[in-house]
Each structure stands twice: as structure tokens, then as C-alpha cells.
Amino acid sequence: MSTPDATAPRSTWFLRGVGAAFSLPGLILISSFIGFAALAKDAGVTVTQAAFMTATVWALPSMVVLVGAVTSGAALPAAMLAVTLSAIRLMPMVMVLVPEMRTRTTRQYVLYLLAHFVAVTSWVLAMERLKRVPPSMRTTYYAGLGAMLVMTNVVVVTVVYAVADALPSAVSAALLMLTPMYFLTSLWGSARERVGHVAMVLGLVLGPFFHILLPRIDLLAAGLIGGTAAYGWHLWRRKARAA
Amino acid sequence: MSYFSNGAWWWPYLFILVAGFAATDVWRILGVYLGGKLSEDSDLLVLVRTMATALVAAVIGNLIVFPGGALAHTSLALRIAAVALGFVAYLASGKRMVVGIATAELLLLAGLYLNF
């Protein structure tokens, strides 16, 4: 990208935001949405429902947890609780991004609308690139980036549904492997403290364990118990260090 | 009350709106509202983050141990080996996601080709 020219019109900055969607993080996101589409189709979710889910939820962890709850036959309240728990991480991300975009004249409702686009990929791209966008154009830029990412992946999901049945089974198996690998690596990389890695290992083991023991609330049980245990370890270690 | 329990065409969409959209966007809205008011390192947020991490990790574990579709026809040993070695490749390459994902996928396909 060239040096920020504050004189460029708003539409130019919108299009530059659109262009930022076509980058390595954007491509990795597309591959993980291919995996998600394979997963959702396999769970019995229709193509319109999957496209609707992509546009309205727009956070892969939430969507994968939601499809997991659909597969395990969870009741609506249990599914909602599990998704709520998995989406908490979005709050601190939004809290960090908002000051980057806000100027004295920014209207609050614009920020609320743009917050819907916040998910790992758009956040990473925005935190990296907003610095080079004039402050008054940052909300416009982020709108272009977020809208393009959502639209592209709605199309990706639809296309995967259309071609999935024609794929050889080895390719289908490989597509279904994309989601766990994407999350395994991105979750490990995004953990800011050691306690995040402890929580992750506990969850990896407790998930299948509770899937057998408490099939309908396996995710909730693993999240609450694994998360609390990891937090306990964190407190214990802090105490041991202070002593 | 589950996703497939009601035959009405709108039920899955309502399920997605309540359990997916509302459950997710409440945190985005709170994030804008609280922006700058709450410390990111507060103890409560640490607990909340560990629970969210463990929950998503549980999903990953289930997807590997109890997969659906074509992946269900592969052996558990092959899936775990592919994921574990892919993860090692990710760490060894300085946490490059592309390397980790590609390694796991290639091992899975090689294993399928060799009938493991």
C-alpha cells in the first residue's frame, strides 16, 4: 500500500479496505470456511441455513460450537450457553479495536454496527493496517474489509455445498480436517499467557471424555471444568511465585 | 428444543439467531460499550478466557476423536498422528499456521493412500 494520502476520497478508502481482504490471513480464513461448510453439511444443516449462520454469527469458533451443539442434539438453552461462553474472547478484541477507529466525530452506532465484523482475521488485519489509514477514514476502511470478508465467505460456503457431493472421499476427509487444524494452531498462537495453553490441553482431553460421559452438555462441561481448573493452576502458580 | 426437533421451516433460523447471533454479538456490543473502561488483565477476564479456550479446545478434541462424514472412515490413530505431527511442524516452523495445517493434511492424505 502507498503512503496514506488524507486527500483520497472516502470511496477509495472503502475499496482499499475491500482489497485488504485478499491477503494471506484472508486466504487462510477462506480455507477454514471450506472446512466449516463441509462440517455443517455433514451435520445436516442446509445451505441457506449455513449461509445465514455465516452472515449473522460471523465467528468461526461460535459457528463450530453451534454446529457441534446441533450434532449432539443439545437443547436451545444449552447451545446458547455454550456459544456465549465460546464467544467471550470477542469482547476484549473489540475493546482493543474501538480506540483505533474512534475519532471525536465518530458516531457510536457506527461502532456498534462495525463490531459485528470483528473476528480473529479481520481483527488481525485491522490492527496491522489501520495505523496506515488516516483516522477519519478508519471506520470506512474497516467497513470495506469486514463486508468483503463476510460476503466472500458466504459465497465460499454456498459453493462448497454445491460441489461437496462430487468430491472423492479422501478430499472430503481432508476438508473436514481443516477446521480442527485451523483452530488448534490459531488458538495456540493467540493465547497470551501460559494459562491459555493449559486450558487448551485440558479442553482437548475433556471434550472427548465428556462426549462419552455427558453427551448433551459435553462442550459446556469441558469449558467450565477445564477453564476453572486452568484458572486454579494460574492462581496457584502466581501464589507459588510470590512466596 | 434441539435444532432438528421442530419441523417448522423457521425453527433452525430462530435457533441460529438465538444460540448463534445473539450469543455472539452480545460480547461485541459489550466490547464497544466497555471500550477502555475495563482492564484487559483483570482476573475475571482471565477466568473467562480460560473457559472460552477450554470450550473451543473441547470442540477440536471432539472433531478429531469423534469426527463425522468421510473423516469418520479414517482410523483414530491416523487422525491423531496427522494432527500431532502437524502441530509439531507448526511449532518447529516458528508458529506458521500454513505449515502446520499443510503438514497435517498431507499426512492424512498419505495415510489414506497407504490404507492406514
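Q: What area is buried between chain B and chain A?
A: This is a predicted model. The contact involves 75 residues of chain B and 97 residues of chain A. Carbon and sulfur atoms give 77% of the buried area. The total buried between the two chains is about 7400 Å².

Q: Which residues in chain B lose the most area to chain A?
A: Three residues together account for 10% of what the chain B side buries. They are B:W27, B:R28 and B:V32.

Q: How many charged residues are in the contact of α5(A) with α1(B)?
A: The α5(A) side includes A:L76, A:M80 and A:V83, and the α1(B) side includes B:W11, B:F15 and B:W27. By class, 11 residues are nonpolar and 3 are polar. The number of charged residues is none.

Q: What is the handedness of the crossing where α12(A) passes α2(B)?
A: The axes of α12 (residues 218-242) of chain A and α2 (residues 43-65) of chain B come within 7 Å and cross at roughly 135°. That angle makes α12(A) oblique to α2(B). Their contact has 14 nonpolar, 7 polar and 3 charged residues. The crossing is right-handed.

Q: Which residue forms a salt bridge with B:D43?
A: Chain B and chain A share 2 salt bridges. In the one at B:D43, the closest N and O atoms are 3.1 Å apart. The partner is A:R238.

Definitions and conventions:
Residues numbered from 1 in each chain as written. Chains lettered and ligands numbered in written order. Predicted model: local features only at pLDDT ≥ 70, side-chain atom pairs only at ≥ 80, totals over all residues. Heavy atoms only, no water. Axes fitted to C-alpha atoms, helices over the stretch in contact; angles between N-to-C directions. Helix = DSSP H or I, 4+ residues; strand = E, 2+ residues; numbered from the N terminus. Parallel < 35°, antiparallel > 145°, perpendicular 65-115°, else oblique. Left-handed = near helix turned anticlockwise from the far one by under 90°. Nonpolar A, V, L, I, M, F, W, Y, C, P; charged D, E, K, R; others polar. Contact = heavy atoms within 4.5 Å. Buried area = accessible area lost by both parts, 1.4 Å probe. Salt bridge = Lys/Arg side-chain N within 4 Å of Asp/Glu carboxyl O.
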